[in-house]
Amino acid sequence: MPAGVLSGILSESIGRVHQGRVLRRFTIKLIFTSGPSIIARLLVLVALSLVLIMLDYHFDSFEKVRSALGIATYPVRQVVNAPAEAREYIANSIKSRSELLKTIEEQRTQLTLQKYQLQKLESLKAENIRLRSSLRSSFDISDFVTIGKIINVDLDPFKHHVLINKGNRDNVSINQPILSSEGVIGQTVHVSWKSSEIVLISDPSHAIPVRVNRTGLRSIAIGTGTTTRLELPYIPTNTDIAVGDLLETSGMGGRFPAGYPVARITEVTNDPGQPFAVVTAEPIAKLDQVVEVLLVWRDQQDALKEKKCCACTSDKKQADTQ
Amino acid sequence: MNTEVKANNNWVIYSTILLGFILLILPLSKYSLLLAQIRPEFPILIVYYWCLALPERTGLATAWATGIFQDSLTGSLIGIHALTFVLTAFIMTRFYQRIRVSSMWSQTFTVLGLILFHKLIFLWATSATNQQILGFQYWGAAITSAIFWPLIFFGLRNIRKQLGVR
């Protein structure tokens, strides 16, 4: 102990002479010079980062690593989301009785109206299936949904991604379609244990196969980076497409089930000098105000159990209808 | 007086970085997208401070781990933030003696340069992997980060002195 104190005093005085500052850095640096040099550490870590980028970019199976990392980041996201949840909870618990009664009354009326519409839908559905089966084509209408909520955290502000509170635990899978009560809003890109990240249809890297409800014209709606604008490329100038036309999912590509509303045409510009018309549309769902989302499964078994195959669903239905 | 210096209070370093992450994902885009886009890069600024203050303890490994965590948190490709953070933290760690004694003004400009460098590599890495970043506001975060640097520097120095982190 005295030796330690002595060497401490000694080294401190030497340090003062050498650097004019306290010596403790000097002693610690001595310890650290025995480790790998800073250049070596830099090279190793840079190489490791580059390898991770490549792995994440090229291999889907790397998603498992990301999912595991998502569990580590989950508490931080929960902490950030907590105030919003608390505010909602408090707002709900201090609502007056009359206000609640009013809401219940409104919703009951709405429910009755929607039940009435459903009655007609059932007969239409049956008729449609009968007609389609006479044409020997399959018609997939039975989808199953779960309700999820958006988690109040910011992700990369230059991408249109949001986080929802359903994940592996709830059998969410990658590329699963996500709707709001109004229309399609996007699909899942990363799935973690209790949360998953969804890309909105307005993200510049996202495109969704659509069809014009009125004419059946098929196209693709590409995100522009603005939540209120989608673009339809390569529409010839003489195409029958007009402002106000409804775009719905066409079911092409197999990711989005057919027939859900996506957007409404807001602008059609025909420039005679250009080979294609400039067609823009506005998403029907308010992408920046969505609070609750619907996760869609093709099949109840997918919704309940872990199941990968999607193509077999429609085959089975075809067999059923014939 | 205790002359033997041991690494202590690790939790202070980690919890300040965690605080940086919380600031990073606070939901600002609900109120103003621009504000969210020019939000300072809090976690790496905090790591820079610790690189400057305790270069023996906080260095490239911490920067790398912070980067991986940020990649997971913000949903970017795993490794992009880690790469840029390691490269810029290397500059900080390599020249900490010069940066530490320089004035607050020149420190702020150093941080501006480092964050611009980080943004540049990040842009390169994201566009190399087929993603687009639109708009000039992308570079705004470098300026706000530099503006926030004195605040972070003095704030964390206070915390470090109060809690005796060495």
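How many salt bridges does a search of the whole structure find over all chains? The search finds nine. The model is a predicted one, and the points below should be read accordingly.

1. Within chain A, the side chains of A:D56 and A:R66 form a salt bridge, with an N to O distance of 2.7 Å. A:D56 belongs to helix α3 (residues 38-58) and A:R66 to helix α4 (residues 63-93), so the pair ties together parts ten residues apart in sequence. Both partners are buried: A:D56 has a relative accessible area of 10%, and A:R66 one of 6%.

2. B:R39 is joined to A:D154 by a salt bridge whose closest N and O atoms are 2.7 Å apart. B:R39 sits in the loop between α2 (33-37) and α3 of chain B, and A:D154 in the loop between β1 (144-151) and β2 (161-164) of chain A; the pair therefore joins two chains. B:R39 is buried at 9% relative accessibility, as is A:D154 at 5%.

3. A:R229 and A:E231 also form a salt bridge, at 3.0 Å between the closest N and O atoms. Here A:R229 is partly exposed at 34%, and A:E231 is partly exposed at 33%. A salt-bridge network links A:R214, A:D240 and A:D245.

4. The largest nonpolar core has 62 residues, of which B:Y48, B:W50, B:M92 and B:W149 touch the most other members. Helix α3 (residues 42-53) of chain B contributes the most, with eleven residues.

5. On the surface, B:I143, B:I147, B:F148 and B:L151 make up a nonpolar patch with about 410 Å² of accessible area together. B:L151, in helix α8 (residues 137-163) of chain B, is exposed at 60% relative accessible area.

Terms used:
Residues numbered from 1 in each chain as written. Chains lettered and ligands numbered in written order. Predicted model: local features only at pLDDT ≥ 70, side-chain atom pairs only at ≥ 80, totals over all residues. Heavy atoms only, no water. Core = buried A, V, L, I, M, F, W, Y, C linked by side-chain atoms within 4.5 Å. Buried < 20%, exposed > 50% of the residue type's maximum accessible area, 1.4 Å probe, protein only. Helix = DSSP H or I, 4+ residues; strand = E, 2+ residues; numbered from the N terminus. Patch = residues over 30% accessible without salt bridge, like charges linked within 9 Å, V, L, I, M, F, W, Y side chains within 5 Å. Areas by Shrake-Rupley, 256 points an atom, 1.4 Å probe, with all protein chains shown as cover. Salt bridge = Lys/Arg side-chain N within 4 Å of Asp/Glu carboxyl O.
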